[in-house]
Amino acid sequence: MLRFSAQRVSSSSSTVTVADVSAWSPEPFGREQERNTTMKRAFITGITGQDGLYLAELLLSKGYKVFGLMRGQNNPKRELLERVIPDVEILTGDLTDLSSLMRAMSVAKPDEFYNLGAISFVAYSWENAHLTSEVTGMGVLNALEAVRLHTAATGQQVRFYQASSSEMFGKVQTVPQNEDTLLWPRSPYGVAKVYGHYMTINYRESYGMHASSGVLFNHESPRRGPEFVTRKVTRAVARISLGLQDTLTLGNIDAQRDWGFAGDYVEAMWLMLQQDEPDDYVISTGETQSIRVLLDHAFAAVGIDDWTPYVDFDEQFMRPAEVDLLVGDASKAKEKLGWEPRVKFPELVSMMVEADLREQKEIAGL
Ligand code: NAP
Ligand code: G4F
């Protein structure tokens, strides 16, 4: 049973709304693989992001003590975190600052380190290629170094998860893509992720670190940032159906993505760190849809069969180099982790449209 409701969180400078999906209660995956998690400690970078929130909830539900890294001197998402996941201890720091990570490690003393922090918006990465390389690429090196130095100083073994991405496949060399597919990134973000991916493998091979990479395909939820195409569409569809917006402007609607539900995908992250041996895993649904099909489902959810009058094209949303087709083969994750996605694409889109309808009604006082 999936239940979603929108929450509004006010801060002094802005009002942030978030779909509260904390009521989402998964059937536990891989019970037989569960180690004794009594007060195990986890440290998450990217705690304020979509995946950080779901992962923190998952780990808290398993009895972990969870620490999250938050950047900035007055991050507007602090209040959101304190409301949605009050049991998480927030530590300040930045992936570009190794000393801040070391300080956070000395407090968190984690058994498991999930490196989810990144500049994650592909389009933005062309405009801010250097910054993206620093955070999304070099940030991984800093995270790995923080773990290595912490272990050297304390003797504590720390398992490490790196949030790798299907964007690394770029100009895809096989269909579907699996762990052996040649990487051919098409964006500064993709290049930075390839660096982080191989650095994670290198630390595993060089230092014997329990370091695993999840090569995750696109995953979405009501918590997805509104800059990404799924949430941009579901939010606009909700607003159009409520008479709050006339049209939706997009770029390349022929691109195809393998879209899953973020709540399912964070389970795979956790499972990777419960294995005796570290490894790399593709996580995907195995099904791909174009943005046209996304539009079909999203508009149908509010009773609109023909979306063409509502959708415009603008060159500004086209990318210098596009990833045309992504579809993943997650057989290894199924076989070794016992992981499979549960939420199907139509259900995911309906869930997001419904959450956006609730949120937009609340904002508009309808
Ligand atoms: P997201 O919602 O964009 O969250 C990114 C997180 O990174 C935010 O918490 C952000 O903090 C943090 N961050 C940004 N710059 C930072 C810095 N300099 N130091 C520390 N933290 C920083 O991303 P997501 O969708 O949850 O994805 C999580 C991870 O998985 C990312 O690494 C992403 O690249 C990767 N990934 C995502 C997908 C997907 O489809 N969602 C697929 C494959 C891989 P602020 O809130 O302060 O900005
Ligand atoms: O939703 P998107 O911005 O996601 P994209 O580029 O696939 O990246 C996401 O998934 C990656 C995994 O493969 C992650 F690593 C990454 O961090 C991020 O989470 O765009 C999806 C597709 C693209 O082909 C884009 O060109 O939608 C197309 N699109 C068309 N019009 C648009 C728009 N994308 C956005 N964001 N906005 C548009 O108006």
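Modeller: Let's begin in the middle. The largest nonpolar core has 96 residues, and Ile-44, Leu-55, Ala-56, Ala-268, Ile-283 and Ala-298 touch the most other members. Helix H8, residues 262-273, gives the most to this core, with 9 residues. Keep in mind that this is a predicted model.

Biologist: Okay. How many helices and strands does the protein have?

Modeller: There are 11 helices and 15 strands. Buried residues make up 48% of the 366 residues. Of the contacts between residues at least 6 apart in sequence, 78% join residues at least 24 apart.

Biologist: Why does Val-66 count as buried?

Modeller: The cut-off is 20 or more other C-beta atoms within 10 Å. Val-66 is buried because it has 26 of them within that distance. Again leaving aside neighbours within four places in sequence, the contacts of Val-66 are Ala-42, Ile-44, Ala-56, Leu-59, Leu-60, Asp-87 and Val-88.

Biologist: Now strands. How should I read the side chains along one?

Modeller: In a regular strand, side chains alternate between the two faces of the sheet. Take strand S6, residues 112-115: Glu-112 and Tyr-114 point one way, Phe-113 and Asn-115 point the other way, and all are buried.

Biologist: Which strands are joined to S6 by bridges?

Modeller: Strand S3, residues 41-45, is joined to S6 by 4 bridges, and the two run parallel. Our friend Ile-44 stands opposite Tyr-114 in S6. There are also 4 bridges between S6 and S7, again running parallel. The bridge partner of Glu-112 in S7 is Arg-159.

Biologist: And a helix? How do I tell its sides apart?

Modeller: An α-helix has 3.6 residues a turn, so residues three or four places apart point the same way. Now look at helix H3, residues 98-108, where Leu-101, Ala-104, Met-105 and Ala-108 are buried. They cover an arc of only 105 degrees around the axis, so they sit on the same side of H3. On the other side of H3, Ser-99 and Val-107 are exposed.

Biologist: What covers the buried residues of H3?

Modeller: The cover includes S3, strand S4 (65-70), strand S5 (89-92) and helix H5 (129-154). Just after H3, have a look at Lys-109, with its positive phi of about 40 degrees.

Biologist: Last topic, the ligands. Which residues come nearest to ligand 1?

Modeller: Of the 28 residues around ligand 1, Gly-46, Gly-49, Gly-117, Ala-118 and Ala-163 come nearest. Helix H1 (50-61) and strand S7 (159-165) each supply at least two residues of that shell. H1 gives the most, with 3 residues. By class, the shell has 9 nonpolar, 15 polar and 4 charged residues.

Biologist: How many residues surround ligand 2, and which are the closest?

Modeller: Ligand 2 is surrounded by 24 residues, with Ser-120, Ser-165, Val-229, Gly-251 and Ala-255 the closest. Helix H4 (122-127) and helix H7 (229-241) each supply at least two residues of its shell. Sorted by class, the shell around ligand 2 has 12 nonpolar, 6 polar and 6 charged residues.

Terms used: Residues numbered from 1 in each chain as written. Chains lettered and ligands numbered in written order. Predicted model: local features only at pLDDT ≥ 70, side-chain atom pairs only at ≥ 80, totals over all residues. Buried ≥ 20, exposed ≤ 12 C-beta atoms within 10 Å, placed from the backbone. Contact = placed C-beta atoms within 7 Å. Near = placed C-beta within 6 Å. Nonpolar A, V, L, I, M, F, W, Y, C, P; charged D, E, K, R; others polar. Pairing = 2+ DSSP bridges. Arc of directions from axis to C-beta. Core = buried A, V, L, I, M, F, W, Y, C linked by C-beta atoms within 7 Å.
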